[in-house]
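The paragraphs after it take up one region at a time.

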Amino acid sequence: MRKKEVSLSVKKKLSKFDRGAVIFCSCLLTLFVAHWLIFYLYANLNSILLAFQKYSPKSHTYEFLKGSHAFDNFKWIFTDMFAGRNIGNYILNGFLYQVTAVVIAFPVSIMFAFIIYKKMPMTGVYKVILFLPSMVSAMVIALLFKYFAERGLLDIFNSMGMKIDKIFYTDGKLDLIILLSYSTFMAMPGSLLVNVGTMSRVPQELIEYGRLEGMTMFQEFIHLTVPMMYPLLQVSCLGIFSGIFGAQGALYPMFAEKAPEQTWSFGYYIFTAVVTDMQSNSMFGYTAAVNLLVGAVSLPIVWGTKKLFDRFDPGAEF
């Protein structure tokens, strides 16, 4: 009888625990589902509908475009692209911001991460140098860099015999090169922690076996570390194509809405168009149509790039 009573009491306690767990998980799931419905589904659905709407100053509401005017926002985009602003250069600049951040900064970040992972000499110095920009506000770093470029770089270039009156707001390409170098430096610490964490997944037993077989540190980096980093490399390269149209670099932190036009990216153009037009609200339909076109163009590019990288995946599993 006592054994039956104990088993019944245990079952009651477990049933109470199960009920509490179900209620707790249900509350959490309800919160996440509500968040998804409001901030993702509703926001994106409203953005899609906004691409076919136009703001009416008289009624202070958005009205659907009717008849032959239903795609006026999309026509506006192609007019800007081929007959208005030089949007092709904006897209190219955004591509350059993304490429320099991945093609240049990512390999350098992997090398520094390997140095930190292997606890080589000067590891602490590299940590401070690379993480210092991340500890300070991005706005402060951008303004300091702008001040250095306008004062320090100007004096350096002039001392080298280059007759330059000012750095920014010129017709040359020097402004873009300076901003690309800044984007490269700022992109390195962003993935450093992830790189070090990924490298730590390589089993120590495998490293020790390689050392017994005469494997050098360079061979360890090429044959053990890099294959483990391939999925991270794949994601980073996919980010090049998915972020072309939204890349801004350090344009807004440095210049707000007044960046030199030769340095504009497409993302900066769309962002400043909305910011400077908040009162009239005339650009919201235009930017919503841009988002739809960007999504339609980016999806096959990203999908094709992923398929290409999957063919060369070494499939390293340690």
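**A walk through the helices**

Met111 is placed in helix H3, where helices (H or I, at least four residues) and strands (E, at least two) are DSSP runs numbered from the N terminus. This is a predicted model, in which local features need pLDDT of at least 70 and side-chain atom pairs count only at pLDDT 80 or more, while totals for chains, interfaces and linings use all residues. Residues are numbered from 1 along each chain as its sequence is written, and side-chain values use heavy atoms, with hydrogens and water left out.

With a relative accessible area of 51%, Met111 is exposed; the terms used here are buried for under 20% relative accessible area, exposed for over 50%, and partly exposed in between (1.4 Å probe, protein chains only). Met111 and Phe221 are 110 residues apart in sequence, and their C-alpha atoms are 9.1 Å apart in space.

The structure holds one salt bridge, a term that stands for a side-chain nitrogen of Lys or Arg within 4 Å of a carboxyl oxygen of Asp or Glu. Its partners are the side chains of Glu220 and Lys118, at 3.0 Å from N to O. Because Glu220 lies in helix H9 (residues 217-242) and Lys118 in the loop between helix H3 (87-117) and helix H4 (123-135), the pair ties together parts that are 102 residues apart in sequence. Glu220 is buried at a relative accessible area of 5%, and Lys118, at 18% relative accessibility, also counts as buried.

Helix H11 (residues 266-275) is mostly covered, with eight of its ten residues buried; among them are Phe266, Tyr268, Tyr269 and Ile270. The buried residues of H11 pack against helix H2 (72-82), H3, helix H10 (251-255) and helix H12 (284-311), where contact means heavy atoms within 4.5 Å. In the loop between H10 and H11 is Ser265, which is buried with a relative accessible area of 0%. Leaving aside residues up to four places away in sequence, Ser265 touches Tyr90, Asn93, Gly94, Tyr97, Ala247, Gln248 and Leu251.

On the surface, Val33, Trp36, Leu37, Ile38, Phe39, Tyr40 and Leu41 form a nonpolar patch with about 720 Å² of accessible area together. Patches are made of residues with over 30% relative accessible area and no salt bridge, like charges being joined within 9 Å and nonpolar side chains (Val, Leu, Ile, Met, Phe, Trp, Tyr) within 5 Å; accessible areas come from the Shrake-Rupley method with a 1.4 Å probe, and for residues only the protein chains shown count as cover. Phe39 belongs to helix H1 (residues 2-50) and counts as exposed at 58% relative accessibility.
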